[in-house]
Amino acid sequence: MKRVFVGVKLPEDITRSLETLQAGLPGVRLISPENIHLTLRFVGSINEPQLRDLECILSKLEFDEFFLKLGRVGVFPLRGAPQVIWVGVTPNRSLVRLQALIENKCRSIGLKADSRN
């Protein structure tokens, strides 16, 4: 079983901004630029055949280019020492459409709906 999410790579200028943000936070484990991403769908633990099906169906997705505007910053967990720093994005129509398309494709291969907002 593999723990899987669907994400998109961010443009270089946004990645650089996020690198700068995380570098200014003492005691935080830095994430390498190639691992900075926008999660659009958390899938969870799936087996190899499901992963192959997911990769196949998502590799055929077509969508228009869209713009991202960074939003607020937060941490996980809310209590105690932060382990994850996240930056939200302002929703836009294209991004919402892409996320819905990914969700529909995930359901079409039998993956349960993501219960998180």
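Which residues line the second largest pocket? In this predicted model, local features need pLDDT of at least 70 and side-chain atom pairs count only at pLDDT 80 or more, while totals for chains, interfaces and linings use all residues. Residues are numbered from 1 along each chain as its sequence is written, and side-chain values use heavy atoms, without hydrogens and water.

The lining of the second largest pocket consists of Val8, Lys9, Leu10, Pro11, Asp13, Ile14, Phe63, Glu65, Phe66, Phe67 and Leu68. Two or more of the lining residues come from each of S1 and H1. A pocket is an open set of points on a 1 Å grid over the protein atoms alone, where a 1.4 Å probe fits, with protein on both sides within 12 Å along at least five of seven lines; lining residues have an atom within 4 Å of a point. The lining comprises 8 nonpolar, no polar and 3 charged residues (nonpolar: Ala, Val, Leu, Ile, Met, Phe, Trp, Tyr, Cys and Pro; charged: Asp, Glu, Lys and Arg; polar: the others, Gly among them).

The largest pocket has 38 lining residues, with His37, Thr39, Phe76, Trp86 and Val87 nearest its centre. By class, 22 of its lining residues are nonpolar, 9 polar and 7 charged. At least two lining residues are supplied by each of S1 (2-9), H1 (12-23), S2 (37-46), S3 (70-76), S4 and H3 (93-108).

Ile85 is located in strand S4, residues 84-89. The C-alpha atoms of Ile85 and Leu61 are 29 Å apart in space, at a separation of 24 residues in sequence.

Methods
Helix = DSSP H or I, 4+ residues; strand = E, 2+ residues; numbered from the N terminus.
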